[in-house]
Amino acid sequence: AKPLAAPGASIVSIHGLRKSYGTNEVLKGIDLEVQRGEVIAIIGKSGSGKSTLLRCINGLEQFQDGALTVDGQPLVYDSPQAMRALRQRVGMIFQGFNLFPHLTVGRNVMLAPTLVKKTPTAQVTALAKKLLDRVGLGEKFDARPDQLSGGQQQRVAIARALAMEPAVLLCDEITSALDPELVGEVLRVVESLAAEGMTLLMVTHEMAFARKVADRVIFMHQGRVHETGSPQSLFADPRTPELRQFLSSLHD
Ligand code: ADP
């Protein structure tokens, strides 16, 4: 096992991160420290760079300038070993659940630890059962993804991400593709992870959820962290016109 970072140490540390697509600079110098166990909600208009930031953190996108460290591991694009180490420390869940349709629910959860960590089958089977129990789907081990509701599939995706024992879990609009009546079951799982001390970085439109669960909210605007603070202060007393406008647009 890896040595743990000292208490209070940053799990994610970002300095001066800049990312462009061609001439379109979508992240214009992001600085962010995420502490162990911290739950951060990232809010902002569509196109403000929220998703790109998450994808940079897990190495899905290459950024041009700045520095990123996850759980003490610096991101180094030309080192496959460093990239593998980084990816193992970062779990990510997307809007679409992206389960492998030809694998059972259990096999979906088992796949990464089997392939990447070479965890023995008996051990990884027990782990998958435990994680599926934890998201309330213990009885679905042998089901196929297409036999599950969207909310159930997203809970499987959460179990699958947890199977790699990530240091941080990135959630990108994970309830946006769900029917309204299925949102709650997914948010309850996320809330329980937060309560158990998981470090979470979530892009969300669920302001009530952010208010309830986040330790800190980050408002992104035009590729920058425009305003940040506790949910209480940020929602009750937005300081910038851009945040006020964003929050009022949600009530329209
Ligand atoms: P958000 O998550 O806040 O909606 P995104 O990070 O998805 O914002 O997008 C930020 C900007 O980057 C947008 O202008 C978007 O068009 C652009 N963008 C995102 N992904 C790509 C890509 N793969 N190629 C080119 N432009 C992209």
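1. Contact between α3 and α5. In this predicted model, Val105, Asn108 and Val109 of α3 meet Val156, Ala159 and Arg160 of α5, where contact means heavy atoms within 4.5 Å. These contact residues comprise four nonpolar, one polar and one charged. Ala, Val, Leu, Ile, Met, Phe, Trp, Tyr, Cys and Pro count as nonpolar, Asp, Glu, Lys and Arg as charged, and the others, Gly among them, as polar.

2. Basis of the note. The model is predicted, and local features need pLDDT of at least 70, side-chain atom pairs count only at pLDDT 80 or more, and totals for chains, interfaces and linings use all residues. Residues are numbered from 1 along each chain as its sequence is written, and side-chain values use heavy atoms, with hydrogens and water left out.

3. Geometry of the pair. The axes of helix α3 (residues 105-116) and helix α5 (residues 150-162) cross at roughly 30 degrees and come within 7 Å. That makes α3 roughly parallel to α5, a label for angles under 35 degrees. Helices (H or I, at least four residues) and strands (E, at least two) are DSSP runs, numbered from the N terminus. Axes are lines fitted to C-alpha atoms, for helices over the stretch in contact, with angles from 0 to 180 degrees between N-to-C directions.

4. Largest pocket. About 700 Å³ of space lies in the largest pocket. Of its 24 lining residues, Arg87, Val90, Met92, Ala112 and Met164 are the closest to its centre. Two or more lining residues come from each of α2 (80-89), β6 (90-93), α3 and α5; α3 gives the largest share, five residues. The lining has 16 nonpolar, five polar and three charged residues. On a 1 Å grid over the protein atoms alone, a pocket is an open set with protein on both sides within 12 Å along at least five of seven lines, a cavity is a set of points where a 1.4 Å probe fits but cannot get out, and lining residues have an atom within 4 Å of a point.

5. Second largest pocket. This pocket holds about 330 Å³ of space. It is lined by 17 residues, of which Arg134, Leu162, Glu165, Pro166 and Met198 are the closest to its centre. Helix α4 (residues 121-134) supplies the largest share of the lining, four residues. By class, the lining has eight nonpolar, two polar and seven charged residues.

6. Cavity. The structure holds one cavity of 30 Å³ or more. In the largest cavity, α6 (180-195) and β8 (200-203) each supply at least two lining residues.

Definitions and conventions:
Parallel < 35°, antiparallel > 145°, perpendicular 65-115°, else oblique. Points joined across faces, edges and corners; volume = space filled by probe spheres on them.
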